[in-house]
Amino acid sequence: MFYNNTNSKAYDEATARGVFANGTNNVKEPSSSPIAKITRGTQVTKGGKAMVPVTYLDPRPANDALTSAAYASGNAAWTSANYRGGFAPGNNWLAGWTAASAYGMTDDETWCDLGLGKAGTGAEPVLSGTGTLTANANASFNVTGAKPASVAVYILGTPRVDLPLFGGTLVPNPVLILTAVTDKNGDYSLTFPWPSTISQGTKVYAQAWIVESFSPVVWASTNALKAESN
């Protein structure tokens, strides 16, 4: 993806070499950022060069980066992804362990991405979570990249069990199970009040499983998430 280079001749050579020709799947986007947010500070000069430093970065995909042109089937070494870049929608793996996180230059996530998803007939779907996880406050599970118009089963539980299931791994011990149907893009957001019965400090795990076919039955599963109830 090419974004926001305001030099009038910035893409002349790339265009001449066919970088943006039909079928290359390269995107030149002048106005819609491919990441969630970037903030820059005041200009500084180092080594005779004028620079505008980054003071905050949310590298999760947005706009054209939310969907890739194509994807390959995953294997034991890597998983298939239908978004562009190294960050899944809603999951910022910089949180909690990097200098960017320690110095407040990126979001700290309530939900920690544990991986362990399973692709079905397409790419591996992605689960992200939002909310403060305080009793009766709204929380949301957000699935992206699943098969369109399919039954999604959201599983919330504790402890972590990591049970082999349908060729994948069921991470939470099921305590709360909610169902929904993905939209025409394979996405769905499910909002619900955080259960007051989950005591503060309890580690909670979440995952979604998607029924891609009933005959024969084919399941895909999202990555699992871990959070601590407030």
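Mentor: Start with aromatic pairs. Rings of Phe, Tyr and Trp pair if their centres lie within 6.5 Å. This is a predicted model, and a search of the whole structure finds 12 aromatic pairs.

Trainee: Why is the pair of Phe87 and Trp93 called stacked?

Mentor: Two values decide. The ring centres of Phe87 and Trp93 are 4.5 Å apart, and their planes meet at 5°. Planes under 30 degrees apart count as stacked. The 5° angle therefore makes Phe87 and Trp93 a stacked pair.

Trainee: What makes Trp111 and Phe141 edge-to-face?

Mentor: Their centres lie 5.7 Å apart, with the planes at 65°. The cut-off for edge-to-face is over 60, so that label applies to Trp111 and Phe141.

Trainee: Where in the chain do Trp111 and Phe141 lie?

Mentor: Trp111 is in the loop between helix H2 (99–102) and strand S7 (112–115). Phe141 is in strand S9 (residues 138–144). They are 30 residues apart, and the pair links distant parts of the chain. Ring pairs also link Trp111 and Phe141 with Tyr154, Phe192 and Trp194 into a cluster.

Trainee: What makes S9 largely enclosed by the rest of the structure?

Mentor: Five of the seven residues of S9 are buried, so the strand is largely enclosed.

Trainee: How do you know that S9 pairs with S8 and with S12?

Mentor: Two strands pair if there are at least two bridges between them. S8 and S9 have five bridges, antiparallel. Six bridges join S9 to strand S12 (residues 188–193), also antiparallel. Both counts meet the cut-off.

Trainee: What do you know about the pairing of S10 and S11?

Mentor: S10 and strand S11 (residues 168–181) pair in the antiparallel sense over 11 bridges. Ile155 stands opposite Ile177 in S11. S10 and S11 form a hairpin with two residues between them. In the turn, Phe166 has a positive phi of about 50°.

Trainee: Which residues have the most contacts inside the largest nonpolar core?

Mentor: Those are Trp111, Leu127, Phe141, Tyr154, Leu156 and Trp194, in a core of 20 residues. The elements giving two or more residues to this core are S9, strand S10 (151–165), S12, strand S13 (203–214) and S15. S13 gives the most, with four residues. A second, separate core of six residues includes Val153, Ile155, Trp209 and Val211.

Trainee: Which residues is Trp194 in contact with, leaving aside its neighbours within four places in sequence?

Mentor: Among them are Trp111, Leu133, Ala139, Leu156, Val204 and Ser229.

Trainee: Why is Asn223 called buried?

Mentor: Its relative accessible area is 4%, and buried means under 20%, so Asn223 is buried. Asn223 lies in the loop between strand S14 (217–221) and strand S15 (224–228).

Trainee: What makes the link between Asn223 and Asp113 a polar contact?

Mentor: The cut-off for a pair of N or O atoms is within 3.5 Å. The side chains of Asn223 and Asp113 are joined at 3.0 Å. The side chain of Asn223 also reaches the backbone nitrogen of Leu127, at 2.7 Å. Both distances lie within the cut-off.

Trainee: Why is Pro125 called buried?

Mentor: Pro125 has 2% relative accessibility, under the 20% cut-off, so Pro125 counts as buried. Pro125 is in the loop between S7 and strand S8 (126–130).

Trainee: How many residues apart in sequence are Pro125 and Thr222?

Mentor: They are 97 residues apart in sequence, and 5.0 Å apart in space, C-alpha to C-alpha. Pro125 is in contact with residues including Thr222 and Asn223.

Trainee: How do you know that a charge sits over the ring of Phe20?

Mentor: The charged end of Lys28 sits over that ring, 4.9 Å from its centre. The distance cut-off is within 6 Å, and 4.9 Å meets that.

Technical notes. Residues are numbered from 1 along each chain as its sequence is written. This is a predicted model: local features need pLDDT of at least 70, side-chain atom pairs count only at pLDDT 80 or more; totals for chains, interfaces and linings use all residues. Side-chain values use heavy atoms; hydrogens and water are left out. Buried means under 20% relative accessible area, exposed over 50%, partly exposed in between (1.4 Å probe, protein chains only). A polar contact is a pair of N or O atoms within 3.5 Å; within protein, one must be able to donate a hydrogen and the other to accept it, and residues adjacent in sequence count only if both atoms are side-chain atoms. Rings of Phe, Tyr and Trp (its six-membered ring) pair if their centres lie within 6.5 Å; planes under 30 degrees apart count as stacked, over 60 as edge-to-face and the rest as tilted. A charge sits over a ring if NZ of Lys or CZ of Arg is within 6 Å of the ring centre and within 35 degrees of the ring normal. Contact means heavy atoms within 4.5 Å. A nonpolar core is a set of buried Ala, Val, Leu, Ile, Met, Phe, Trp, Tyr and Cys residues joined through side-chain atoms within 4.5 Å.
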